[in-house]
Amino acid sequence: MRQQQEQSVTISSEAISLSGFLGIPSKPKGVVLFAHGTGSGRFSPRNRFVAQHLQQGAIATLLIDLLMREEEEDRRNVFDIELLADRVLMASAWLRANARTGQLALGYFGASTGAGAALQAAARAPFRIGAIVSRGGRPDLAERDLPQVTAPTLLLVGGEDYPVIEMNQQAYQLLRCPKRLAIIPRPSDLAKACSNDVADLLRGLLRRDFRGVNSQIRLRRRLIERLQAGNGRGFAAQPFLIGAFAIPLHADRDGAF
């Protein structure tokens with residue numbers, strides 16, 4: 001088993017001080033910055049679970065609170081995407097200046113409003129972002145910046161979260177980068193976005209891009225079979241990935257579509 005080290009960190013700039021957890025496995029292949037969404041932060045059980053599995057796959061992680069405690073009291077800040085994107089870039093710059101992570105390729109994992117912040121940050125970043133994953137996110141909040149995003153992007157949305165599906169479909173059309181939109185059929189299955197299988201999916205996507213292969217997003221057969229079995233009647237007829245190249249739900253021998 002890979003040795004992993006996680007430590008509390010503080011990222012400061014002038015009057016801003018952000019708290020986070022930095023987890024670095026032995027011989028990391030890249031680093032993922034978690035942009036938390038509405039009402040969430042570095043203690044999020046789901047995101048910490050995903051982070052642990054990424055670390056087991058040789059991906060370092062940074063879970064960071066994008067707002068200071070006093071800022072969280074003003075709910076307007078939670079939807080201030082420019083402010084949140086500034087904080088994502090601030091944390092990204094810190095990672096690049098850190099001796100242990102500065103040479104690692106960088107990816108973003110955003111949830112809810114954090115996804116919009118991650119996408120806007122990726123569009124504005126003066127350095128390369130390797131990959132972006134949005135889980136139940138609001139990429140539409142970064143609408144004007146989406147055409148400038150170049151990193152391969154995966155959007156995950158719950159199958160019955162109809163307003164958010166529409167928002168993600170609209171955002172998908174604006175993205176000009178390698179992209180996929182994945183619909184998780186049931187609300188309970190979106191919660192499984194912190195399960196072993198989806199953590200494997202995220203880890204695989206990010207590691208592939210870190211290795212310079214960013215043209216394909218592959219899903220494991222195990223994930224497909226579990227979602228298919230869990231949803232029951234009628235699920236197989238639904239496309240799992242939708243977008244410019246809608247693909248029926250099936251996998252070949254190596255789990256690739």
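Q: Which residues of H1 are buried?
A: In this predicted model, the buried residues of H1 are Asn-47, Val-50, Ala-51, His-53, Leu-54 and Gln-55. The term buried applies to a residue under 20% relative accessible area.

Q: What makes the span of helix H1 agree with its number of residues?
A: Helix H1 covers residues 45-56, which is 12 residues. At 1.5 Å a residue these should span 16 Å, and the end C-alpha atoms lie 17 Å apart, so the two values agree.

Q: Why is Ala-58 called buried?
A: Its relative accessibility is 0%. Buried means under 20%, and Ala-58 therefore counts as buried. Ala-58 is placed in the loop between H1 and S4.

Q: What is the phi of Ala-58, a residue other than glycine?
A: Phi of Ala-58 is near 70°, a positive value. Most residues other than glycine have a negative phi.

Q: Why is Glu-14 called exposed?
A: Glu-14 has 85% relative accessibility. Exposed means over 50%, and Glu-14 therefore counts as exposed. Glu-14 lies in the loop between strand S1 (4-13) and S2. Glu-14 also has a positive phi, of about 55°, although it is not a glycine.

Q: What makes strand S2 largely enclosed by the rest of the structure?
A: Strand S2 comprises residues 16-25, and seven of these 10 residues are buried, so the strand is largely enclosed.

Q: How do you know that S2 and strand S4 are joined, and in which sense do they run?
A: Pairing requires at least two bridges. Four bridges join S2 to S4 (residues 59-64), and the strands run antiparallel. Among the residues concerned, Gly-23 has Thr-61 in S4 as its bridge partner.

Q: What makes strand S6 mostly covered?
A: Strand S6 spans residues 131-135, and five of its five residues are buried. In a regular strand the side chains alternate between the two faces of the sheet. In S6 both faces are covered: Ala-131, Val-133 and Arg-135 are buried on one side, and Ile-132 and Ser-134 are buried on the other.

Q: How do you know that S5 and S6 pair, and in which sense?
A: The cut-off for pairing is at least two bridges. Strand S5 (residues 105-111) and S6 have five bridges and pair in the parallel sense. Phe-109 stands opposite Val-133 in S6.

Q: Which values describe the crossing of helix H3 and helix H4?
A: Two packed helices are described by the angle between their axes and the distance between the axes. For H3 (residues 81-97) and H4 (residues 113-124), the axes come within 8 Å and cross at roughly 65°. The crossing of H3 past H4 is right-handed.

Q: Which residues of H3 and H4 meet?
A: On the side of H3 they are Ile-81, Glu-82, Leu-84, Ala-85, Asp-86, Val-88 and Leu-89. Their counterparts in H4 are Thr-113, Gly-116, Ala-117, Gln-120, Ala-121 and Arg-124.

Q: How many helices and strands does the protein have?
A: There are eight helices and nine strands. Of the 257 residues in the protein, 55% are buried. Among contacts between residues at least 6 apart in sequence, 67% join residues at least 24 apart.

Q: Where does pLDDT stay under 50?
A: The pLDDT stays under 50 over residues 212-225, for which the model has 35 contacts beyond four places in sequence. It is also below 50 over residues 227-257, a stretch with 57 contacts beyond near neighbours in sequence. Where pLDDT is low, the predicted coordinates should not be read in detail. The protein averages a pLDDT of 76, and 69% of the residues score at least 70.

Definitions and conventions: Residues numbered from 1 in each chain as written. Predicted model: local features only at pLDDT ≥ 70, side-chain atom pairs only at ≥ 80, totals over all residues. Heavy atoms only, no water. pLDDT = per-residue confidence, 0-100. Contact = heavy atoms within 4.5 Å. Helix = DSSP H or I, 4+ residues; strand = E, 2+ residues; numbered from the N terminus. Expected span 1.5 Å × (residues − 1). Buried < 20%, exposed > 50% of the residue type's maximum accessible area, 1.4 Å probe, protein only. Axes fitted to C-alpha atoms, helices over the stretch in contact; angles between N-to-C directions. Left-handed = near helix turned anticlockwise from the far one by under 90°.
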